[in-house]
Structure formats: C-alpha cells, structure tokens
Amino acid sequence: MGFFLETLIGGLMTGMLYSLVALGFVLIFKASGVFNFAQGAMVLFAALAMARFAEWIPRWTGLSGKLAVNLLAFLVAMALMVAVAWLIQKLVLSRLVNQEGITLLMATLGITYFLDGFGQTLFGSDIYKIDVGLPKDPVFLMEQRFQGGVMVNQEDLAAALIAAALVAALTLFFRFTGTGRALRAVADDHQAAQSIGIPLSRIWVIVWSVAGFVALVAGIIWGSKLGVQFSLSLVALKALPVVILGGLTSVPGAIIGGLIIGVGEKLSEIYLGPALGGGIEIWFAYVLALVFLLLRPQGLFGEKIIDRV
Amino acid sequence: MSATATATASAAGTLGASVGASVGASAAAPAPALFQDAAAPGATDPGAPAATATPSATRRVGEVILEVSNITLSFGGVKALNDISFDVREHEIRAIIGPNGAGKSSMLNCINGVYQPQAGRVLFRGEDVRLLSPRTRLRRMAEMGVARTFQNLALFKGMSVLDNIMSGRNLRMRTGLFAQAFRNPWWSPAEREETAHREHVERIIDFLEIQAHRKTPVGRLPYGLQKRVDLGRALAMEPRVLLLDEPMAGMNVEEKQDMCRFILDVNDEFGTTIVLIEHDMGVVMDISDRVVVLDYGRKIGDGKPDEVRANEDVIRAYLGASH
Amino acid sequence: MSNVLLNVNGIEVIYNHVILVLKGVSMQVPEGRIVALLGGNGAGKTTTLRAVSNLLAGERGEVTKGSIELRGERIERLSTSAMVDRGVIQVMEGRHCFAHLTIEENLLTGAYTRKDGKAAVAETLEKVYTYFPRLKTRRTSQAAYTSGGEQQMCAIGRALMANPKMVLLDEPSMGLAPQIVEEVFEIVRDLNQKERTTFLLAEQNTSMALRYADYGYILENGRVVMDGEARALRDNEDVREFYLGMGGTDRKSFRDVKSYKRRKRWLA
Amino acid sequence: QAKEQFIPLLVYRTGPYAPNGTPWANGKQDYLKLINARDGGINGVKITFEECETGYATDKGVECYERLKGKGASLFDPQATGITFALTDKVPNDKIPLVTLGYGLSASQDGNVFKWNFPMMGSYWTAADMLIQHLAKKEGGFDKLKGRKIALVYHDSPFGKEPIPLLEERQKMHGFELVKIPVTAPGVEQKSAWLQVRQQRPDYVLLWGWGVMNSTALKEAQATGYPREKMYGVWWAGAEPDVKDVGEGAKGYNALALNGSGQQAKVMQDILKHVHEKGQGSGPKDEVGSVLYTRGMIISMLSVEAIRRAQERFGKGKVMTGEQVRWGLENLSIDQKRLDALGLGNLIRPISTSCQDHMGSTWARVHTWDGSKWNFTSDWLQADEQILKPMVKAAADKYASDKKVTRRSPADCQS
Amino acid sequence: MLYRENGQFKTSYGADQQIFPIAQDRVAMLMLLALAVIVVPGLASEYLLRAILIPFLILSLAALGLNILVGYCGQISLGTGGFMAVGAYAAFNFLARVDGMPVIAAILLGGLCATVVGVLFGIPSLRIRGLYLAVATLAAQFFCDWAFLRIKWLTNDSPSGSVGVSGLSVLGLPVETPVQKYLFCLGFVLVFGLIAKNLVRGHIGRSWMAMRDMDVAAAVIGIRPMAAKLSAFAVSSFIVGVAGALWAFVHLGSWEPAAFSIDRSFQLLFMVIIGGLGSIAGAFFGAAFLVVLPIMLDNLPYWFGIPIDTALASHLTTMIFGALIVFFLIVEPHGLARLWQIAKEKLRLWPFPH
Ligand SMILES: Nc1ncnc2c1ncn2[C@@H]1O[C@H](COP(=O)(O)OP(=O)(O)OP(=O)(O)O)[C@@H](O)[C@H]1O
Ligand SMILES: Nc1ncnc2c1ncn2[C@@H]1O[C@H](COP(=O)(O)OP(=O)(O)OP(=O)(O)O)[C@@H](O)[C@H]1O
Ligand SMILES: [Mg+2]
Ligand SMILES: [Mg+2]
C-alpha cells in the first residue's frame, strides 16, 4: 500500500511536469492553430540559455550571489525567448498565414531543427547544470503508517507546485482577459481574424513569448532534474499523449491529461510492466490516450471537432 | 493564354458508346443516354443556343416517392424541426423555403441520413431512412438514388473538376484493388471501366458547360462554377431524387438562368425528382411545382406556388411586403 | 464627384505567381457613397476587394501593377489590421465565422480594435441585435452550428461591430431570405445616411444592388467593362437583360429562358 | 608525394550522446596529431584523418562509412554499437577491419569467425563478468552471492541487452536473483525504473547506461534514496560527463574502468606539449586525460600500433591497406615495456591479440566517484575465461551458421 | 515554346487517361528511366550508390507509401517507422524460419504483415481525426519499437534484438554488389510507383482523396469511410513495410529496432510534406531533398576546404536544413512537386509571363 501510494504520487508529480511542457503546446495551438513541434526545442534552447548565462554572468560581471545570478540569467534567457518569438513570427508565421495545419506543423519542425542547431552552436553541446537550489533528497512521510514510509521526492514536489502555480496563472489570464477571445478567433480562421483587424503579428509574438516563458520554466525544472543537454528536447515527446488526451485547446486539459498520463504510465510500468517484459510505459501512455480518444475524439476537454454540411 | 483548356474538348464528341451498356448491370436509374442530346457538338460553344428543348408539357408527376411524416429534430435546446410532414412525388420539383434558420437544410440532412431525427418517419421508396443503421445509412441512400448538393460547398478541394464529378460515379465502379493496381492501357478491366464512366462524366461536363475547367483544381474556380461542379457530382450519381440546397446562392441573374435551365433539363429529361431550397422567390415561383414553407421548425404552408405566395403566414414570416 | 475616399488605379493581381486575375482594374469610391461592383462568377470582384483590404497574401496572391490609395495614401503595403485601423473593413465572402466561438463572441471579436470602452461596444452590440433579431436568439450557439443565413448575418454584424468608416461587403445577400436581404440593404442605406459610412459592395443580386447604390462598376474577366451612375446602369439594355433578367420591360420567367441564350454585346 | 595513412574518425559531437562522444572523439584525434607532431608519423608515414558526424544514428554511420571508405580508410572505429552491427556485414566485402574497443558484439572476440572485428580489451560480457566477480569479492566469496538480489538497469537497446546472457549464466552458477529493468532510450525518464528499484530493494544495481541515461539514473537514485555505493556501472557509465552535473549526489558511485585516467601519464603530457600548447588541441585542455578522452586516445594508439606492426611485416614506411592493418591488429603484442615506451604506463595492461582472440586483454578495474573525481577502488580484475570461452564460441558458431560463414582455416590465420 | 501541348489532341479517353498525357512528359520520363536503369549503374561510384542512391530509392518507396495515407487520404501518421520495422522483422522471420523462402517473397510477406498491423492501428482513424490521430499513431511507433526489443520470438531469439541477413539472391542472381542492390531496389520502386500511380488515379484513389477533402460529402455520395480509410492504411503500410524490409535487407544488412525509430517516422513525414502531399512525384522530390541535402551540407566544408569543427559543421547543417524547410514551405506550401508544376506552367506560357 505504501508503495502504491509512492507510485501514485510519483506519477502525479511526473504528470505535472509533463503538463508543463504540454501547456506550451496548448497555448500556441489555442492561439494560432499551430501544432508547435518546436516546443521541445524551445525548452532545450531556454534551458541552455539559462544554464550558460548562469555560468557566464558571474564571469562577466563578478556577481556571486546564487539568487541574483539565477535571477539575472532568467531575465536574460527570457529576453532571448521573446526575441526568438519575434523572429519566428516575423520570418515564419507571418509568411504562412492561412495555410493548412500540416504546413504549419512542418514549419515548426523546421524551426525545431534550426533552434536545436542554433542553441548548441551558441551554448555548446556538453552537459550543463542548472542549480536553482531545488532540494534533491527524498523525504519520507507517514513512516508510522507504512513500513519504510512513503517516499516523496522534494525536487519533484517543488517542481509540481511551480507548475501548478503557472498553470493556474495562465488559466486565469485566458479566462479573464479579452485577448483570450481574440486568440481563439485567430486559431479558428486566420483570414477572418485578419479581416476584422486582429493584428496577427502582435498576437503571435505575445503567445509565442508566453510559450517561451513556459518553455523556460519547464527547461529550468527539467534541466535541474536531468542536466541541460540535447536530450532535454525529447521530453516534448512525453508531452504529446498528454496534449491529445487533455484536448489540444484546453489549458486545464493539459493538467488533467498530464496527471492521468503520469499516473497511468507509472502504474502500468510497475504493475503490468514486469509481466510484459518491462519498458512499456512509453507506448502505454499513447494507448491510454488512444482509449480516451475513442470515447472522446477531441480529448477530454478539447473543443468539439466540428463537421457540418 | 494557355492551350490546356481545349486539349480534350473534342473527346466527347468523337466517342459515342453508351455508358449504359457497359455499366448497365449496376445502373438502377434511368438510362443516361439522354445526356447525349446535351452533348451534341453545338452545345460546347457557350454562345450557341442549347439544343435541349423538350417541351415541359411532357412532364408528368407520378406517385409519391418520398414521404416525410412528423419529423422532429432538435439540437440540445433548439428545435430545428417540429413535427413536419410533407411528401414529394416522382418527377416533380418540390421547393422548400423559409427564413434563415428555419430548418430547411436540416430537413435535407434528415432526408438523406446525415442527421437522425428524434421522431417521425422518412419513407423513401418504401424504406424508412431512420431505421437504417447509422453506419451504412448514407451509402444506402446513395445507392437508392438520392443525391444532393450542399449549401456551404462541400467539394473535394484538392481534386480537379473532372475527378470531383468522377467521384460521383464511385458508387458504380466495381473493379477491385488489384485490377486497379495493375491497370494498363492494353488490357485491363479497370481501364475499361474508367473509360466508360469517363464518357458519362464528359457528357455531364458538356451539359453543364464547364469543359474548359475540366482539369482545374476546384478550389481555384469562382464560387458560381463550384456550385455547378457540385451539381455535376450529384448528377453523376444518376439520382432519382436530387436534393439541392440553395444551388443559386451567389449568382447573378444570368447564371441563375443557366442553373434553372440545368435543373429543368435534368427534371424533364431524366424525370429526376428535385427537392430544392432557394431564397430567390422568382426562381422558386417559376420552376417549382409545389412549395413547402418552414418557419423556425414549423410548417406554415404547403401547396402550389401561387397558393403559397398568397398565404398570409408566409408573407409575414418570410416574403415580406415587396413580394 | 465628391472627394474620393478610395482610388484603385489600374491594378493587376496574380495568384500563385501564374494566374492573372485582374487585368488593370481602376475605380473610385467617393466618401460617403455606396458603390456597387457587379459582374459574373469569376469576374474578379472578390479579388478586387481582397486587394483593397490586403487579404491577398493569405491566398497567395499579390498586386503586381497599379496602385491603391485611401484618402491619397498608398496602401498596398499595409497590413489588414492597419486597414482596419483606418476604418476599412471587409466582410468576407462565404461567411468565415469563427466556428468554435458563439455568435455573441463572434460579434465581440469584431470590436477588437475598438478603443472607446465597453459601454460603447455594448451599445453597438445592441444595435446589431436590433438589426438582426435572429442573432439575438442564437447568441449562445457556436457559430458552426447555426444555419447558413445566420452565419451570414453574423459575419455582417461582426464587421459592423468595428464601427467602420468604410465597409467592403462581399456578397452580403448570399443565402439570406428575401426579407433579410432587404433589411441588409436597408441597414446599408441607414448607415450610409446616418453615419456616412462608405460602402463598396460586390453583389450578384444586381437589382438590389443597383437600387441602393449610387454608382456601379461592371467587371468581366478581370476588366471593368462598364461603369456609371446606378440609374444609368439600370436602364442599360444589356444590364437589364443579363443582370436584371428583364426581357423588354418585364421580368422573364426562369422557366422560359431555358432554351434560349444570347451573347453579351460587349463580348462580341 | 608524401605518403599518408588515412584514418577515418566516426564521431558524434551532437545529439543526445554528444557529452560522452565529444571527449572520446577528441582523444582519438589528439593522439593522431601527437604522432604526426612528435614522431612525424608512423615510420615517416604521415597520418591524415577526417571526422564524420554520425549523431549515434546507424544510417548516418553507414553513410559516413561509405564516404570515408572511398577516401582510403584502412580501419574503422564506429563508436556506436548499432553502427558496428550494421558495418559488421559490410567490412568483409570491403576488407576493412573494425576496432570496437570495449563495445560491439561480444561474440566477435572469436577471430575465427569474425575475421574483421576487433573488440579490443573487453566486451560487455567481460564487463559483466568482472562486475559479478567484484561483487562476490565484496561479499566475501561467490557463495555469498546466493540469495542476493542484483538489478540490472539497462539502456533498452542491443548495447544494454548484450550483458544479459552472461549475467544469466552467472546467475545459474551462483544462485543470485537477477532483476532486469529496462530504460527506454535515451533515458530521460526513469522514474518508474527507480520506483521498481525501490520496490525490489536489490542489494546491488548494475547500471548499463550511456549518455544522458547515466546522470539521470544517478539523480533518480538520489531522489529515491538508493545508496550510490551499491551502484556499479559498466565502463560506459563511469566517466566524468556521467557524474559531473550530479556532483555530490553521485558520491560513492562505482563503475568499471577500462582504462586509467588523469594527466600524469607521459603520453598525456606529450599531447599537452606537442598538440595543445601549439594550439592544435581538439578540445579544452582540462579535458585531456579524462576517462573517455583517454579511451579515445587508446583506440588511436592501438590503431597506430597495428599499422606499425603491419609495416613491420609489409614494409616500413609504406601506407597500409585494410587487409594489412587487419593483420597488424591480429598480431599485436604490446607488453608493459612497450606501454611504458608509449607513455601509457599503467593506464592499461598489456595486450596481445591472435587469430583466435581479437580482444587481446580482458582487464579492468573499478573506480569510485568521490564527489569531484574518480578513484580506483579495486585491483585489476580479469574476466573468467572458463565462462566466457564457451559462450563466445557458441555465439560465434550461431552467427557463423546464420550467416553461412565458415570458420577460418589455420592457413588463413597465417596470412 | 518547347513545352506545349497544343496540337496534341486526344481522340480517346484512354489517351487522355494516360499517366503522362503530354508527349514531352513521356519523353522526359523515358529518358529518366534510361538514365536510372542504364547510365547510373554504369557510371555511379560505389559511394554514390550505397550511401545516396540506395537509401534514396528505399526512402522514396516508403515516402510513396506514406503519401498515400497522408497525402491522398489525409490521415496523418507518425507510425511509419513502426510499420517499416514490422515489414523488416517479418520479412526477416520468413527468411530465417522458412527454408528456401525466396527473398522477394519474404519481402512481400513482410509487407503483408505490415498491412495487417497498419490496418489494426488504422481502425481508430474511423473516429479520431487530424492531429489527434497523428499523435495517436505514435502508439504504433512506440509499440513496434518496444515489441521488437522485448519479444524475443520476433527477433528469432537474438538476445540483443539485433538481427541481420546476408547473401541475398534473387532467382539465382546474387544481390551483393552495390549495382545489384541498386537495381533490385529500383525494380521495387518502379513497380510500386506504377501501382501507386494507378491506384490514385482510379476510383479507389478518388475515394481516398474525397475522404481527405470532405469526409461528410464523401459519405453522402456513397463512399464508405471505413473501406476508404482502411484501404489507404492497408496499401500505405504494405508499401511502407516493403520499404522497411528493403531498408533492412539491402541497405543495412543487419539492424536493430533503433533503425526504425521515431526519427524515421518524422523524416518520412518531412519527405511527403516537403515533396508535396498528394503527389507521387512529390515522394521522390521529398526523399531526394532529405537524403541528399544533409549529406551535401555535411560535405560542403570539405569541398571548399574550409577546416571547420565537426560539431559546428553539424550544427550549421541542422540549422541550414531547418531554415531551408521553412524557406521552401514559404515559397510553396504545397511542396516541391507543386513548385515543379508551377515551373512547368510557366514554361508552357513562356516566353509570355502569363
Ligand atoms: N486563391 C486563388 N488561387 C487561384 N486562383 C484564384 C484564387 N482565388 C480566385 N481565383 C481565381 O480568380 C478569378 C476571380 O475570382 P474572384 O473570386 O475574384 O471572382 P468573383 O468575381 O468574386 O466571383 P464570384 O461571384 O463567384 O464570387 C477566378 O477565376 C478564380 O478562379
Ligand atoms: N448540427 C447542428 N447542431 C446544432 N444546431 C444546429 C445544427 N444544424 C442546424 N442547427 C440549428 O438548426 C436551425 C436550422 O438550421 P438549418 O441549417 O436547417 O437552417 P436553414 O433553414 O437551412 O437556414 P438558411 O436558409 O439560413 O440556410 C438553426 O438554428 C441551426 O442553428
Ligand atoms: Mg440552409
Ligand atoms: Mg466573389
């Protein structure tokens, strides 16, 4: 029982981290109808920037306090992400207005390549460290109830809390600003949105910057867990089943989806994996998503797919 | 300008074999040979008078072919159709009119099985559409000879005009995957089948006077021509009942005249029954035999055009003062 | 003629680098007037409007020759939203409502560029609802699930929400019931007279268009083949025959035109 | 025209395995530069080389192979297990030997069947064998292993799965329990693997990882509170990039060391002097002498020695072909004296290869991370011939029958 | 004025229904064929054959298969790598377990197994659509990856999951040298290219495209969604499976599941999109772009004798590659095939601009 709880909690916390990456997908899809495969690359790019600036800033400025350095690095990295957002809008999206979803998806794959190469050219392809002081060791709870207690990883816990806060903030932002409506309009029909004067370029810079911010936070959290190096961009793959399970257009969906996938894959790996030979979590997550989709083709909270004649 | 346009234009005239013979086994509808009139060489010239002048007096209205009784359809809280009944007789042109959102398109959707009404019966040639299994319903209706056009153009955007209309023949094309895969110009049932249906389609293309656009992707055509292609695709199915959803929206008078001509010809020559939704009262009053008037889910009038035009309810709800 | 608001000067438009659609179209829209753009299918009406509102890029089209001026300012290079800022708004052909938004949300997005506060927007919303009562009853349905005509009303209403100075209306009457068509044109006249809104109107319903417009251009095959005061056009014999469906003095029955077709004079 | 011996360098400096691939590649290159700079080549034959980036991907590796083969390559180090598998079939036709130091097909030790493969100094089987021996020693004898639980946390790929047959063999002999826990490549998500470790509570964890998987495993071990002292990595999981960013968290972690490390060895000093100080170094200075760098350096050293050996037979100062280098690789005999002369001291133990044995040496040590550097914590270990030999032979025979290869005749061995 | 079709009047529908109705196209095609069959084997270097042409051919074949599904039927799939793996491992099993199994039969049977798996994973497409389906097909990818790593039986009990074949021969002729391998692949590509073209220009192809463009309308005109979608999955995965078997047998010789990883799926999707969705030629353009371009970019520094750091070169390659993808999408969102078509249209009008 104690172990089951541990698995459950582990799953929930991993799921929260997936949600964080998934959130980036959802934001951009909601606002422009673009399925942004570059989200993973953005996570890597942001994390690389953060890690390297945290390393370079003391060298350049002689600053030493960890908090100050990290804060400064964060700000510089964020500025960089805004610049990236602006460039993407300027060079790519604005030239692909009103194109089909698959073309846009493909363009984001091109961006992925570019960012991967660019990030590593700028910042190097070694392993780098992000140390924002997240605690690494586990704590044990309820030791009197269960033998050995229930282990909770502090780092994951902190990360999950940050993720939750971020998600809550973004949900509120979408719910209570007029921009939210405009964003959804853009996603529905670029041209019509243009025709009534919604400035696509501004909207896209904003949204991609916010997605860049989310990527940065995800990059810091994942980076401090995994170390910052190329593989970080692969965590985006883990977010894909989350996005479709929750629904491509739903911020809360990204959270619930993340939790379901996180818990589902951990439980399946632990309790089913050994019987099947192990390593099943990767496809199990997708099969889980698939099953949910068969029941609701638009994901749990996604907007209904409209077909009408 | 380019020379693409006319490369195949002469094809139709040179080939005369009847499609009915080669695919006759599967064709339940009237022989399509009538199209050959329309395909007479002169008709390909847009300037020349069309050679299809069958006097309308020969039209005879037959038995009830489609009967709608007590249909009720609602979406969540919205009652799109409420206890609607009417019938359609064979060979007649039946118009459905009514204000926007009255449920006209929904009515068509119920007839050919896109929507499943909550209550009532749609009897088509003795078969209750509502009782067909949802998975095969659309196919079954197509097989029984119901074809339609769509209000919001539902053409296959990535395909050429020819392919769009050819796809209307899909129902009748039988060669299997292997025959298709190994199709060749020398010996192949797939090639023969394709050619036979192509002839039929070419006649439709000539009839609708869209020869010049045969190979153009439909997405590039102006709206009005797309509507014609939509009609062409439906005609290719050799339907017994043709459901037309605002076929003349977005056309000017001249084009409406053309469209009327097509509809009347089809109706005259194949005896195809036509159910027509249209907002242009001129058209409706001129060409339809009987008119149903819907108003927000209710039926408020049914009868000959003149009767409907005189109906107080209809004037208030739909026509307005000036008509 | 009063002062020219919009001046289109011999523009040529090419789609996809190869398809030449407009072959030197020129026209003027005077401030505060209603100008109708008539012509058959594929004549290039929509293309002309797109060129003005700069919506061509999304269709992979571009203006390759000529110029377009709004109050003397060259506007070919402006973005669509800049045009909206200048008060020019287009109602796109084929509705283009935001499918997932409700009718009311659709209308409210129309007011995105408004800076004059919530109250003023609410007021315009009420105005649109009085113009189109049907929209009010369907305000909470998702646009995709409303009928064709309702969507058309929604598209028009959405443009009106921006309080435009000039409206490019592309086939407003399409798919609307006769009563509503009349109402739409009444609205046009209303706005034109009360708020001095200028209209450029691409329309197939020629009789309606010429009844309400001050001036008309007839486009065929990417060229302006005729223009003139609405009244003069209405009396032109060819226009009467091909655009108004009149044989002699009466309207011809659609049943009778069936077997008879004549060449247009200007194509000869 | 000057004589030049071309050595192709398949490397990966990008992608998920770049942090580990880069020092390795630098070591390979620096040694070649050293030979040119210090000795003027091999008996006067200058070495030229060209890198080709594989990104650890098999198809890119194959393309690189084809490309560099055309430039006169006479031996290849694919630097990846997958690429080795793909090339193993190709090299007999092209007559180019493959040097797979410490990786590749375990069975390819049998030079009778694998004429062109040289898994020098060790394979995954020898590694697994040594680790079990070491654990037995810690426990105080093989009999103490009985009833113990050993978990293998492995990279879910041929690389990670190679040791399983040997471990199963040992399991049968000693009666310990073997728990296999796969980690999906590249290994960024290991939470459930380590939850399983926590559930099973094994006495030891063998870590068969590569690249990012290693550091992630260590972090997860820390996060689940598994003692790092009880973790033993293969020699591909025991270098600086694996522990560097874990820092203190990896303290106590052990791994096999195929080779020594550090900048003290004379050869490293030479590299610093003749290569780095002239600004020719391939990577940063402080990387010289790190674990993977040294391993790369050794691969180049063995290649050079094989060419040197081949020249002894086929003509000094000549450029050697692939076949000739193959002979050189097969007839290496590097004793301690030679090692000292080469400046390697006790970075490795002597190697001597033969027609039957393409491995040449099966020695390794265990080293332990103290939070800032690796320290040796065992004596030299040697894989147990008794166990290995029959397994290698059986596997080679199966390969031979699958591929319809016949064992080499004694006469062929002489050539 | 050379590229014109005026004067070429068709007197039968058969003539108009040819694959290349325009005479100049036919001639060009024949020349291309002659080049591929006669000139290339004679002149191409081993490197060109082994490292570029053979992968190009095989990947074109796979892209062709995928294009049927994505380009013609509109079902985006990211499971291609998995289906290739099924083809490869199934063919391997047939070859290894059945004595005297001819190589071609094994490859085709491999394709057949891929068909079965493809149809199985295609079933959700009846309900799930668009991007949701795209992501969901990753299940196929990861499941296949996993199965071939984990289920020993599938890899003929090879402990590592890595298997190989050698000594291929067809009807007594060896397929060993690069030229033989090239011709072997070319044969497959030509046959399947023809089959694919035949399918897409017939009623089956039209039913796929109809599903893609407007599925409700397709159903209304009597196309059965299930038959259309599943047949697209079947044909597509058959071809993809055959390509997988070729990739394994001919190009790699021995392989592990990683040879068919998710990267392969993405690569193939790139090919069909960059090449042109819904175009047979597009598959070839796309494959050429994705096979040749990275290699060229890789080699550029050497050709120009610029000593450049391997890592930097590789990063630059990725960057340029990414930028080029975006660039081509901006120039022509419908892919290289469309670009080619526009070029032809311009040529047709030449010397007049329009
Ligand atoms: N995106 C496009 N790509 C290529 N050609 C186009 C495109 N849009 C329009 N065209 C072509 O341009 C011509 C003019 O089209 P346009 O839509 O401007 O006509 P229209 O006068 O508005 O016609 P309608 O009354 O049918 O709406 C047509 O022949 C059409 O085929
Ligand atoms: N799938 C659906 N879901 C929800 N509501 C629907 C759906 N289809 C139709 N409706 C509603 O049903 C009512 C009738 O719609 P319908 O499309 O039949 O109108 P119509 O008579 O065709 O109008 P128009 O002349 O404007 O096309 C409308 O109010 C519409 O919003
Ligand atoms: Mg309707
Ligand atoms: Mg138009």
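Which side chains meet in a salt bridge at 3.1 Å, N to O? In this predicted model, the partners are E:Arg206 and B:Glu194, and theirs is a contact between two chains for which the rule finds 2 salt bridges across the interface. A second topic is ligand 1, which is surrounded by residues from chains B and C, so that its site is shared between chains.

**Interface of chains E and B**

- Contact between these chains involves 39 residues of chain E and 52 residues of chain B, and the area buried between them is about 3900 Å², with carbon and sulfur atoms giving 60% of it.
- On the chain E side, the residues that lose the most area to chain B are E:Tyr13, E:Arg206 and E:Ile221, which together account for 21% of what that side buries.
- The rule also finds 9 residue pairs in polar contact across this interface, counting pairs with both residues at pLDDT 80 or more.
- Among the elements that give two or more residues to the side of chain E touching chain B are α8 (178-200) and α11 (225-252), while the largest share, 8 residues, comes from α9(E).
- By residue class, that side of chain E divides into 18 nonpolar, 11 polar and 10 charged residues.

**Site of ligand 1**

- The shell around ligand 1 holds 21 residues, with B:Arg220, C:Thr46, C:Thr47, C:Glu93 and C:Gln204 the closest, and it divides into 7 nonpolar, 8 polar and 6 charged residues.
- A polar side-chain atom of C:Thr47 lies 2.4 Å from an oxygen atom of ligand 1, and a polar backbone atom of C:Ala43 is 3.2 Å from an oxygen atom of the ligand.
- Taken alone, ligand 1 exposes 630 Å², of which the protein buries 87%.
- The largest share of the shell, 4 residues, comes from α1(C).

Conventions. Residues numbered from 1 in each chain as written. Chains lettered and ligands numbered in written order. Predicted model: local features only at pLDDT ≥ 70, side-chain atom pairs only at ≥ 80, totals over all residues. Heavy atoms only, no water. Near = heavy atom within 4 Å. Polar contact = N/O pair within 3.5 Å; in protein donor to acceptor, adjacent residues only side chain to side chain. Areas by Shrake-Rupley, 256 points an atom, 1.4 Å probe, with all protein chains shown as cover. Nonpolar A, V, L, I, M, F, W, Y, C, P; charged D, E, K, R; others polar. Contact = heavy atoms within 4.5 Å. Buried area = accessible area lost by both parts, 1.4 Å probe. Salt bridge = Lys/Arg side-chain N within 4 Å of Asp/Glu carboxyl O.
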